[in-house]
Amino acid sequence: MNQVKVSRKDLMSVESPGRYVGGEYGSVIKEDVLKQLEQTGTCKEVRAAFCFPDVYEIGMSNLAMQILYKCLNDMEDCWCERVFSPWVDMDAVMRKSGIELYSMETKSPLRDFDVVAFTLGYEMCYTNVLQMLDLGKIPFRTKDRKDDDPIVMCGGPCAYNIEPMADFFDIALMGEGEELIVEVTELIKKYKDGGKKDRKALLLEISKLEGAYVPSLYEPIYKDGRYQGLNKLSSEAPDTIRKRIIKDLDNVPYPTKPVIPNIRIIHDRAYLEIFRGCIRGCRFCQAGFIYRPVREKSPETLCRQGIEIEHNTGYDELGILSLSSSDYTGLKDLTDGLLDAFEGRHTSLSLPSLRIDNFALDLMEKVSQTRKSGLTFAPEAGTQRLRDVINKGICEEDIMKSLKLAFAGGWSTVKLYFMLGLPTETMEDVKGIADLAYKIEKLYFDVCREQGIKARKPEITVSTSMYIPKPFTPFQWEKQNTKEEFLEKQAYLRSLIKSRNIKYIWHDVETSLWESVLARGDRRLCDVIEAGYKKGCFYDAWDDHFKYETWMETLAEHGLTWEEFAKGFDVDDEHLPWEHIDVGVNMSFFKKEREKAYREEITPPCRTKCSGCGAQCFKVGECYAAK
Amino acid sequence: MLQNERSLEMTKQKHQTEYVVRCLFERVGDASFVGHLDLMHTFDRAIRRAEMPILYSQGYNPRPMMVFALPLGVGIDTLGDYVDVSLAHVVDAQEFMDKVNPNLPKGVRLYGGINIDEPKNSLMSVVSVAMYRFEAPGIKAPLMHLFERDTIEVQKKSKGKIVTTDIRPLLLSGAQNPSASEDVVEIYCCAGSSKNLRPDVLMNALCVHEGYDEDLAANASVTRLMLYGGEYPRLIDIKELL
Ligand code: SF4
Ligand code: SF4
């Protein structure tokens with residue numbers, strides 16, 4: 001068996017060498033497979049490398065990775081190991097010393113695996129996929145890979161529009177992967193048993209699994225530089241690929257004994273995922289649509305798993321995970337149960353995405369380790385008009401009511417999240433952001449006076465990010481704001497926020513501009529991404545390493561412009577690069593929602609009234625709960 | 001009641017008596033590339049997984065009560081470090097180790113533990129001497145040659161300025177070499193919170209003063225073999241220094 005050796009000198013020369021050594025508690029070593037490998041250099045089981053295209057500390061904080069690591073290792077016929085993107089310093093050392101990318105568990109070179117699976121959580125990690133393939137000596141393009149090369153696949157939210165990366169992946173898995181990844185691995189096992197002959201036939205067979213998209217079975221058609229849809233290269237390839245969902249979350253494998261990193265990571269805590277999907281349908285939010293329909297796990301299952309996880313991991317914090325915790329119907333039972341079980345054990349709960357009300361404030365008192373941590377609101381837009389456009393079901397009155405409670409309860413730190421560049425936004429809406437912050441400041445002092453509380457210096461933070469139109473949302477056709485528009489809005493808001501109690505945080509515009517190209521891009525970007533990588537672009541998700549100029553220049557070299565991707569699509573007669581993917585929600589629904597947005601009409605949450613978005617086709621969850 | 005107030009209460013109640021398990025531990029191989037703070041977290045979690053009744057400090061941000069004898073640099077193996085763990089009730093040291101060891105990551109292991117009452121002197125304060133082993137091609141002769149010098153000046157950066165210090169007084173003696181190999185050398189040197197010689201500083205001096213190859217030095221395997229108390233050459237087992 002091949003093992004990659006890294007010298008002590010090389011490890012000592014990089015920041016945080018603990019990232020590269022493995023040996024963590026909970027990492028899976030299949031002794032019998034290892035023995036086979038040591039004796040014969042090969043094994044009959046499928047060897048899978050689960051790759052995270054970012055640094056170790058981020059990858060290890062990723063729940064999807066822990067879930068799928070478990071699913072694959074629960075299979076008798078598979079051994080899954082983990083691989084992370086080496087940080088820039090290690091990348092340089094590896095190139096200089098001729099070290100190949102290797103797995104954490106056995107230090108095997110990446111190309112010795114049968115499957116190399118990437119999880120794509122954000123577009124800006126794309127170049128790191130290439131970095132990993134490069135350091136792993138695996139051909140970039142699916143067309144250049146031989147029967148013996150690993151099968152390279154991906155999944156995660158970015159897989160829904162994988163076109164900009166389509167040439168690099170043999171397979172893209174749509175939707176929730178727990179079952180699908182096992183089915184794909186079973187087919188790969190047969191392929192391996194048969195001596196790895198005819199990779200094309202394998203991929204065609206995989207394409208017949210629901211949710212598996214094999215990009216090489218299709219080719220894009222362009223006319224006058226505009227995308228015209230995909231042409232099937234095999235009559236057997238499916239016309240559309242429908243995402244997979246897990247119907248019964250209570251009975252799907254959950255990593256209650258995850259790998260525990262030896263070094264501190266970004267989110268150093270255990271996770272409990274309480275439900276999938278979101279009942280709200282905010283029109284800018286991709287997660288709100290692609291994870292439909294809402295499916296909950298029962299509080300009983302969750303309590304049991306939460307207690308198990310706390311015991312198995314030794315973590316002193318359990319993070320409750322979902323898109324919107326307050327919408328979980330069993331929240332009280334769950335938190336009561338867990339708080340009870342953790343009594344005296346120095347374990348805290350963390351509950352992000354809580355809607356602030358009496359119950360939430362009470363809960364936050366009970367769960368938080370550091371008292372009176374900040375309150376978080378995401379009104380997303382500054383005026384009610386624009387909030388109606390984006391269907392953000394939160395009104396100023398709600399916010400003020402919650403804050404009144406919170407301020408009376410002694411809170412004084414508030415964080416507000418907004419987006420700039422939402423469709424129909426005017427400068428009036430931008431000003432609304434500052435107005436809201438001022439109203440909150442005033443409210444704080446009013447409440448203190450009324451309640452006889454000694455007023456402190458309130459900390460009100462306003463944070464804006466740039467809105468990027470995403471596939472599978474009602475705004476998928478919209479035009480993106482230009483750099484100048486964004487900068488103008490940021491500057492305007494900066495000029496409005498003068499109080500020393502209000503802090504304004506804005507983000508780098510350029511990163512968002514490139515992200516927007518990737519988000520709605522098509523296959524013409526594959527060459528661009530590869531060329532950008534070869535010019536030294538990677539770790540684009542890290543502001544310090546992001547090279548905006550290089551990307552714009554590379555686009556131009558390929559005869560493309562930023563505007564082309566930013567200008568969006570004509571709703572009625574243009575093809576979308578992701579139209580062959582079916583997330584359950586119909587295109588007609590997205591169109592209707594878009595029209596309603598322009599009429600400033602809201603759509604009620606799933607639980608209030610089903611809007612017949614199409615996700616009822618999965619025949620589970622919220623769509624069926626009331627019926 | 002707030003959770004942290006609640007735990008504070010509990011800590012106070014339990015804190016009236018404190019039972020300490022003092023263990024030796026080793027950290028070898030890949031685990032050596034985990035930094036000292038991270039290692040403390042690793043121990044904390046392993047002890048929690050083992051359901052051992054570790055005590056927490058009082059105050060706003062309760063911390064598990066664990067004391068390490070001497071921080072260990074990244075990339076250095078150890079076979080003889082110490083940790084004191086405070087428990088809310090007596091757990092036999094052997095049982096403690098049997099429960100915690102399966103919960104530790106690869107390369108980290110507790111051994112030779114004893115039960116003690118609350119130590120009068122902190123573990124950190126009793127350490128005075130460390131024994132190290134260095135393994136690298138031909139390292140023995142040049143390293144032993146350092147002992148023949150009257151002074152060994154090294155430069156280090158301190159607050160932006162470069163200061164020169166003499167590390168010769170920190171070197172105590174060479175130890176009986178277990179193998180006749182020219183590639184292995186074992187030494188005693190000062191260790192602890194007041195006078196401490198860091199192995200990487202010594203390696204650096206070896207290159208500067210003896211012309212030892214920097215690459216070989218960087219790849220040398222360094223192992224802390226044991227920590228001692230007392231005054232050289234009358235060394236005292238740390239388990240006896242309570
Ligand atoms: S509440 Fe809105 S923004 Fe949040 S996850 Fe749900 S749909 Fe998305
Ligand atoms: S079908 Fe109805 S209930 Fe189901 S996700 Fe769509 S809108 Fe919500």
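The shell around ligand 2 holds five nonpolar, three polar and one charged residue. This is a predicted model. Four cysteines are among the residues around ligand 2: A:Cys606, A:Cys610, A:Cys613 and A:Cys623.

Four strands of chain A form an open sheet in the order β15-β16-β17-β18, paired in parallel. Its edges are β15 (375–380) and β18 (502–506) of chain A, each pairing on one side only. On average, neighbouring strands are turned by 20° against each other, direction ignored. β15(A) and β16(A) (residues 413–420) run parallel and are joined by four bridges. A:Leu375 has A:Val414 in β16(A) as its bridge partner. Helix α16 (residues 483–496) of chain A packs on this sheet, touching β16, β17 (459–466) and β18 of chain A. The direction of α16 makes about 170° with that of β18(A).

α7 (residues 177–193) and α8 (residues 199–207) of chain A pack at about 155°, with axes 10 Å apart. Angles over 145 degrees count as roughly antiparallel, so α7(A) and α8(A) are roughly antiparallel to each other. The crossing is right-handed. α7(A) contributes A:Val184, A:Leu187, A:Ile188 and A:Tyr191 to the contact; α8(A) contributes A:Arg199, A:Leu202, A:Glu205 and A:Ile206. By class, that contact has six nonpolar, no polar and two charged residues.

Note on methods
Residues are numbered from 1 along each chain as its sequence is written. Chains are lettered from A and ligands numbered from 1 in the order in which they are written. This is a predicted model: local features need pLDDT of at least 70, side-chain atom pairs count only at pLDDT 80 or more; totals for chains, interfaces and linings use all residues. Side-chain values use heavy atoms; hydrogens and water are left out. Axes are lines fitted to C-alpha atoms, for helices over the stretch in contact, and angles run from 0 to 180 degrees between N-to-C directions. Helices (H or I, at least four residues) and strands (E, at least two) are DSSP runs, numbered from the N terminus. Angles under 35 degrees count as roughly parallel, over 145 as roughly antiparallel, 65 to 115 as roughly perpendicular and the rest as oblique. A crossing is left-handed if the near helix is turned anticlockwise from the far one by less than a right angle, and right-handed if clockwise. Contact means heavy atoms within 4.5 Å. Ala, Val, Leu, Ile, Met, Phe, Trp, Tyr, Cys and Pro count as nonpolar, Asp, Glu, Lys and Arg as charged, and the others, Gly among them, as polar. A residue is near a molecule or strand if one of its heavy atoms lies within 4 Å of it. Two strands pair if DSSP finds at least two bridges between them.
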